[in-house]
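This briefing is meant to be read beside the sequence and the structure.

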Amino acid sequence: MANLFNTLNIGYSGLAAAQVGIDTTGHNISNAEVEGYTRQRVVTSAATPLQTSAGNVGNGTEVQDISRVFDNFVFDRYTTVSADKEYSDYERQKLEELSTYFPDIDGVGIKNDMAAYYDMWQTFADNPDNDAIKVALGEQTQTLTQHITQTQDQVLGLQQQVNEQIAVDIDEVNKLASQLADLNKAIDVAESGENYTANDLRDQRNVIERDLARLIGAEVNQGQLEANMQVDSNSNIRTGSYTLSVNGFNIVDGGTYHPLKVTNEGNEYGFYSIYYERQDGVLVPMEEDITGGRVGASLDLRGGTIDTTSGMPTDGTLQKTVTDLDAFAKGLIESTNNLYAQNSTTKMESNVLDLTQTSSIMNSNLNVNKGSFDIIIYDIDGNEVGRRPIDINEATTMSGAAGTNSIEGQILANVDDNADSNANNDIDDFINFNYQPSATGELRLEFTMDPLKESQGYTFAIADNLESEDFASGTNFAGALGLGNFFEGDSARNIQLKKEYRDNPTTLSAGFSSTAGDNRVALDMIQQQFESYEFQVGSETYDTTLYGMYDLTATYVGISTNDAITRNDTITAQYNAIEMEYFSTSKVSIDEEMTNLIKYQTSYGAAAKVITTVDQMMQTLLGIKQ
């Protein structure tokens, strides 16, 4: 039966509901600037009415729940685009830095140094006996090589920065995954009674989910989705099983998490590999499965696949730049050395070779082509006195008996090179061959002039027999092995002018022989800049000039950077739009909260008026009784 006490309770329920509303509004206002905080709303409903003879009489209000105004559909899009933006921001940042290493568009850089380098060869060809020009050529050559190595060092340094960032980010992923698993446990405990929603804990979980998406492109898979129309038409909540995964690898599974392991043990360059640790302790490689977030961008920049043999990445924007620069430098080194081997000397010593004495030269990793080259003998006056072709085919080896299909066998063969029926003035009488391991185990090819012939002023040189007018149509034997070299090194990391010429540039020679005015080597060097060569870059082969190969490298960097900038602008626009949609749904609006505060204040005052009225009615009744 309804009575005054029931009416008093109705007023009290209104006061209590208004108080909860004011508390919740104050909570929203105080957390308005807290990252990841989702605004909350009080859900109320009419209390169970009293059944009377006159009908059901209202019994006040009751607070059912305090719920988040949260749309999982919008949040899922927000986390996805956040991962894309983090990927794009990091990619753009690193590629813009990379592009500064190739300032050729401003008239400076490696290409400009190359032009100056070939100009000095032209000056040297015009004045082949001028020591001052030799010094200038040596200086310009060192400027070029130093710029190449400096640029490569910068690219490698950037690659290492990205590599170190991978380790830092994976450590952060593990920390966040551990916190997320703990939060899942806390949420399960807090919501175990099914009458309470752990709003603040869910906010914290959403922040970590977004951070993990930004770091590694993680995605959340949770049970069913339940709508909450009482709060907002877009409000909904996920319930049921919980997993956070990266392309099928479950990092968090409810209250447990599977740590990722990052290690560079066994890699001489310090490149990190990422593994997924299963519950049985087995490590599963997962670099190729991480495609999102900053870690995904880092792997795509550095290279995600590490070659187990070389220890270097086989892909990646930075690694391709490194490989392209190495191919350019190697082409410059070998083609230059192959031409400079035409300059006569008394000794030629190759680089350290990884080739057995009886292995096929063409089947090795040396860039040697089928064909032939000549060994040429010059007398003290620079006159050619002997020449012998040395053939190279698929079966040619380094060492072998006289007359065999080996470099040694062809040199030692008793052939009348001069057609003068004199057995004492042929190539085998001038050249000594040596291909034996040194005391330290290094294997180098040595051609030396016979001591007696050397004392008489004889020298020798190596010249390719070209199948066409193109310099690249020869064997490249001297260039590939580093015989009679002008440059030392085999890549952009170690290219430099030969130490002999760094110490004393005046020993440089412009000609085939020591004859005054001979400038034939210098003329070939000038022509070299216009010649096309084959550059092997991974599985791709480019047929272009040295300038062209460098342009390919710089253009690749420029195009990659411009593409990254364009993608970033597009993704940023998408991100801003989705973030605005997410904020409009879940972020606290101070204006709205102030309106709610006035509403609850008015409600509180009205409920208090009900209680005051009941009190007056009771006083009246008590007065009548007296």
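Predicted model: local features only at pLDDT ≥ 70, side-chain atom pairs only at ≥ 80, totals over all residues.

A salt bridge is a side-chain nitrogen of Lys or Arg within 4 Å of a carboxyl oxygen of Asp or Glu.

- The side chains of Arg210 and Glu35 form a salt bridge, with N and O at 2.3 Å.
- Because Arg210 belongs to helix α5 (residues 199-216) and Glu35 to the loop between α1 (4-30) and β1 (40-46), this pair ties together parts that are 175 residues apart in sequence.
- Arg210 counts as buried because its relative accessibility is 7%, whereas Glu35, with a relative accessible area of 54%, is exposed.
- Asp569 and Arg92 form a salt bridge in which the closest N and O atoms are 3.0 Å apart.
- Since Asp569 lies in helix α14 (residues 546-586) and Arg92 in helix α2 (residues 72-99), the pair ties together parts that are 477 residues apart in sequence.
- Asp569 is partly exposed, with a relative accessible area of 44%, and Arg92 also counts as partly exposed, at 23% relative accessibility.

- Asp324 forms a salt bridge with Lys320, the closest N and O atoms being 3.4 Å apart; both residues lie in helix α7, four residues apart, which is about one turn of the helix.
- Asp324 counts as buried at 3% relative accessibility, while Lys320, at 23%, counts as partly exposed.

**Nonpolar cores**

- The largest nonpolar core has 62 residues, and those with the most contacts inside it are Leu98, Phe102, Trp121, Ile148, Phe328 and Phe486.
- Helix α7 (residues 317-340) gives the most to this core, contributing 10 residues.
- Apart from this core lies another, of 31 residues, among them Ala341, Phe433, Leu443 and Leu481.
- Leaving aside residues up to four places away in sequence, Trp121 touches Leu137, Tyr340, Phe486, Ala522, Met525 and Ile526.

- Gln410 is located in helix α8 (residues 407-412), and at 14% relative accessibility Gln410 counts as buried, because buried means under 20% relative accessible area.
- The side chain of Gln410 reaches the backbone nitrogen of Asp391 at 2.7 Å.
- Not counting residues up to four places away in sequence, Gln410 touches Arg388, Pro389, Ile390, Asp391, Thr396, Thr404 and Asn405.

How values were computed. Residues numbered from 1 in each chain as written. Heavy atoms only, no water. Core = buried A, V, L, I, M, F, W, Y, C linked by side-chain atoms within 4.5 Å. Buried < 20%, exposed > 50% of the residue type's maximum accessible area, 1.4 Å probe, protein only. Helix = DSSP H or I, 4+ residues; strand = E, 2+ residues; numbered from the N terminus. Contact = heavy atoms within 4.5 Å. Polar contact = N/O pair within 3.5 Å; in protein donor to acceptor, adjacent residues only side chain to side chain.
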